[in-house]
Amino acid sequence: MEFDFYKTKKKTNTDLLQSKLFDEIQDAFFVLTISEHNDYKMPFINDYAYEMFEILQEDMFPNTILSVYKQIHQEDKNRVKQSLIDAIKKGNKWNVIFRAQLPTKGLCWFNITSKRETNSDGSAALYGRIRDITDFKDQELKLRISEERFKFAMETSTSGVWDWDMKANTVYYSPQSLKILELDATKNLDAPERWNEIVHPDDLEKYYKALNDHFENKTSFYENFHRILTPNKKYKWILSRGKVITRDANGNPLKVIGTHTDVSSQKEKELELMKKMELYSEKNNRLLNFSHIVSHNLNSHAGNFKLLLDMIDLEENFADKRETMKYLRTVSNDLNKTIEDLSQIVNIQNNAGIVVESLNLNTYLSRVLNIVSAYSYRNNATIINNIPAEATINFNPAYLESVLQNLCTNAIKYANPDKFLIIEFNFFLENDKKVLTIKDNGLGIDLEKYGHLLFGMYKTFHKHEKANGIGLYITKNQIESMNGSVTVESQVGKGTTFKIIFKD
């Protein structure tokens, strides 16, 4: 008899290795045999199975299958039993997940997988493995709950989700995101570059700067307010936020996720609030300026009165007193004129119940041109009237006449003596607002030097005997009291254009 030492040693080492592996793997291994007469036997089961099902070894072996079966959750017993029958009769693999109620651990999840073999005597053998998947099921449940929460949050949120795969250059938009963008499908935004076409041109620079700053790791996340063009050709404000979640070895972004939020309502309120704050600030500035003017002018007149009265007291000669009285009369007249001017400004700013009517511009312009025809320069002026015959605005009649008269007389007063005076009137729509421009080729104004003073009270920029610096101040107040605005463009020696933007 020959003895193969090598094979014997190899078998011993293999048995030892298998034994150690079984001890290390935290799973139960078994062999289940079923005879032709449906006799069930379990010739092998590893030691960890006892610990897994919290069964003592001496209790398990007399009736192994029954010991485990008793612990299976009542709702899962039939499914486990039927899966075993199918594996035996139909030759299927035995693969089933079930719950078991254990004495100490409580409710646990298990997964049985096995391989089926048929022996020559007609019996079948199942070589199987049982894994404790309780932790996996707990994580699966938590994930499902988390996904349901996320889904619910997205469905009830005003924000939409987008996912940008920069390597494939494709973007996914959630249903809510498509709703915000007012799109039926992503085919209208199949590539990120299409945003160039829908982001408002005035917002593109800031949009790309915010995006690139994040891509270059200058900011921890991307955030930007911008307007987007919807399919109905209207702009709406959105807040876009995002974060790079994957970068390549060189730090270049590969994947970005983010959200869209419709903030049109908030943004419109914010812009309206800013306009009101600017208006209040302007009114406060005008009030402060007005108070300085009142203080300065009245103090000047008061000082003049005191000086002249002191002089009268000191003068003994009646003729001298009479001469000083003439100056006193002049100062008194100037004071009356100042008070009249200030009263007019106060009336304009405080007249909340002022009448507004629909007025034909040409009717009032013709009337004004007739009034200012007395000026010496009028005969040399060429009037170009491009205002449509039917052009109307909602304005106060007295204010409109005053505004047109002030701007027309200004053009005539400050005509360039070396040129034939041309005054041109134009009327058009700009951003859905009615606009009137009065353009002349007169002396012009140095706006860099005097622009901030142009509409100030008692500010003059050319020598003229009838210039008093009150006309433009009153004109601006009258226009703004009608919720309009006025701007000016001017160049020295070339002329001036006043632009009135009406509320309607």
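Trainee: Is Glu270 buried, partly exposed or exposed?
Mentor: Glu270 is partly exposed, with a relative accessible area of 37%. The terms are set as follows: buried is under 20% relative accessible area, exposed is over 50%, and partly exposed lies in between, with a 1.4 Å probe and protein chains only.

Trainee: What should I know about the model itself?
Mentor: It is a predicted model, in which local features need pLDDT of at least 70 and side-chain atom pairs count only at pLDDT 80 or more, while totals for chains, interfaces and linings use all residues. Residues are numbered from 1 along each chain as its sequence is written, and side-chain values use heavy atoms, leaving out hydrogens and water.

Trainee: Which side chain meets Glu270 in a salt bridge?
Mentor: That of Lys267, at 3.5 Å, N to O. A salt bridge requires a side-chain nitrogen of Lys or Arg within 4 Å of a carboxyl oxygen of Asp or Glu. Both residues lie in helix 10 (residues 264-314), three residues apart, about one turn of the helix. Helices (H or I, at least four residues) and strands (E, at least two) are DSSP runs, numbered from the N terminus.

Trainee: And is Lys267 buried or exposed?
Mentor: Lys267 is buried, at 12% relative accessible area. Lys267 also lies over the face of Phe225, 4.7 Å from the ring centre, and its charged end sits over the ring of Trp237, 4.9 Å from the centre. A charge sits over a ring if NZ of Lys or CZ of Arg is within 6 Å of the ring centre and within 35 degrees of the ring normal.

Trainee: How many salt bridges are found in the whole structure?
Mentor: The search finds 18. One of them joins Lys499 and Glu430, with the closest N and O atoms 2.8 Å apart. This pair links distant parts of the chain, strand 17 (residues 495-501) and strand 14 (residues 422-430), 69 residues apart.

Trainee: Changing topic, how many aromatic pairs are there?
Mentor: Eight. One is Trp195 with Tyr207: the ring centres are 6.5 Å apart and the planes are at 20°, so the pair is stacked. Rings of Phe, Tyr and Trp (its six-membered ring) pair if their centres lie within 6.5 Å; planes under 30 degrees apart count as stacked, over 60 as edge-to-face and the rest as tilted.

Trainee: Which residues belong to the cluster with this pair?
Mentor: Ring pairs link Trp195, Tyr207, Tyr208 and Tyr222.
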